[in-house]
Amino acid sequence: MNLGAKMNNISENIKHFKSLLPENVLLIAVSKTQPIEAIKEAYQAGQRNFGENKVQEMLSKHEQLKHLDINWHLIGHLQTNKVKYIVPFVKLIHSVDSLKLLQEINKQSLKLNKITECLLQFHIAEEDTKFGLDYDEAVQILNSEEYKAMQNVRICGVMGMATFTEDMERVRREFKSLKLIFDSLKENFFKNNSDFKEVSMGMSGDWQIAVEEGSTMIRIGTSIFGERNYNT
Ligand SMILES: *Cc1c(COP(=O)(O)O)cnc(C)c1O
């Protein structure tokens, strides 16, 4: 394998994305399964925001790259018992999907006297995944006394994943539905709250549509780092 050429591609890809994206859209480089060297290469190209979907992997990479000013985004499902490992350093948790999880993030953040920024993850895809709220569940959380008492979490917006399909009209409909959820929550719960501003949607295969539909954060893995190899 020609490592030199591959490394070069990463920085080329980062620069390419930065040149295409509107200023208000943040590029999150999804580095899951990728080696430390790949992250360093992206960092050298100016990339500061990285996404991981597994706590253990994010922890290990954070340890190895502590000296760099990287913002770590947790984009995968988070179990309550793992919250304590990431709260000390995580920039943004994209995957809050229950009151119980939010309570644990609040509890661990309180211990460290910090505020942890979170997004509510919504289930917008047709696919039958276990994760993600629907609108009514989110309303229940936001209306609960437990949530209202929380001092150490800050909800900054919403996150969602579209169906994995060639049908781009479906993908667009799903992104529109997430933007509608965002608008409605903004109106009803976060009206004068400037922190509630993020719509995390769009991956390698659908980010252009996501940006057209109001994304403020795109999460790109394959188009930056190449195909993932889950065997190594
Ligand atoms: C893996 C992953 C991505 C990136 O996917 P690509 O298609 O490789 O860009 C984005 N978001 C989440 C939640 C992921 O798990």
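This is a predicted model: local features need pLDDT of at least 70, side-chain atom pairs count only at pLDDT 80 or more; totals for chains, interfaces and linings use all residues.
I started with S204: an N or O atom in its side chain is 2.6 Å from an oxygen atom of the ligand.

Next I looked up T222, where a polar side-chain atom lies 2.5 Å from an oxygen atom of the ligand. For G221 I had to look at the backbone instead: one of its backbone N or O atoms lies 2.8 Å from a ligand oxygen. How much of the ligand does the protein bury? Taken alone, the ligand exposes 390 Å², and the protein buries 90% of that.

Then I checked where the ligand sits, and I found it in the largest pocket. I listed its surroundings: V30, K32, I75, M161, M203, S204, R219, I220, G221, T222 and R228. Sorting this shell by type, I got 5 nonpolar, 3 polar and 3 charged residues.

My last entry is on salt bridges. Side chains of opposite charge can pair when their charged atoms come close. I counted 15 salt bridges, taking a side-chain nitrogen of Lys or Arg within 4 Å of a carboxyl oxygen of Asp or Glu. I picked out E212 and R172, whose side chains meet at 2.8 Å, N to O. E212 belongs to helix α9 (residues 207-212) and R172 to helix α8 (residues 168-189), so this pair ties together parts that are 40 residues apart in sequence.

Methods
Residues are numbered from 1 along each chain as its sequence is written. Side-chain values use heavy atoms; hydrogens and water are left out. A residue is near a molecule or strand if one of its heavy atoms lies within 4 Å of it. A polar contact is a pair of N or O atoms within 3.5 Å; within protein, one must be able to donate a hydrogen and the other to accept it, and residues adjacent in sequence count only if both atoms are side-chain atoms. Accessible areas come from the Shrake-Rupley method with a 1.4 Å probe; for residues, only the protein chains shown count as cover. On a 1 Å grid over the protein atoms alone, a cavity is a set of points where a 1.4 Å probe fits but cannot get out, and a pocket is an open set with protein on both sides within 12 Å along at least five of seven lines; lining residues have an atom within 4 Å of a point. A molecule sits in a cavity or pocket if more than half of its atoms lie within 2 Å of its grid points. Ala, Val, Leu, Ile, Met, Phe, Trp, Tyr, Cys and Pro count as nonpolar, Asp, Glu, Lys and Arg as charged, and the others, Gly among them, as polar. Helices (H or I, at least four residues) and strands (E, at least two) are DSSP runs, numbered from the N terminus.
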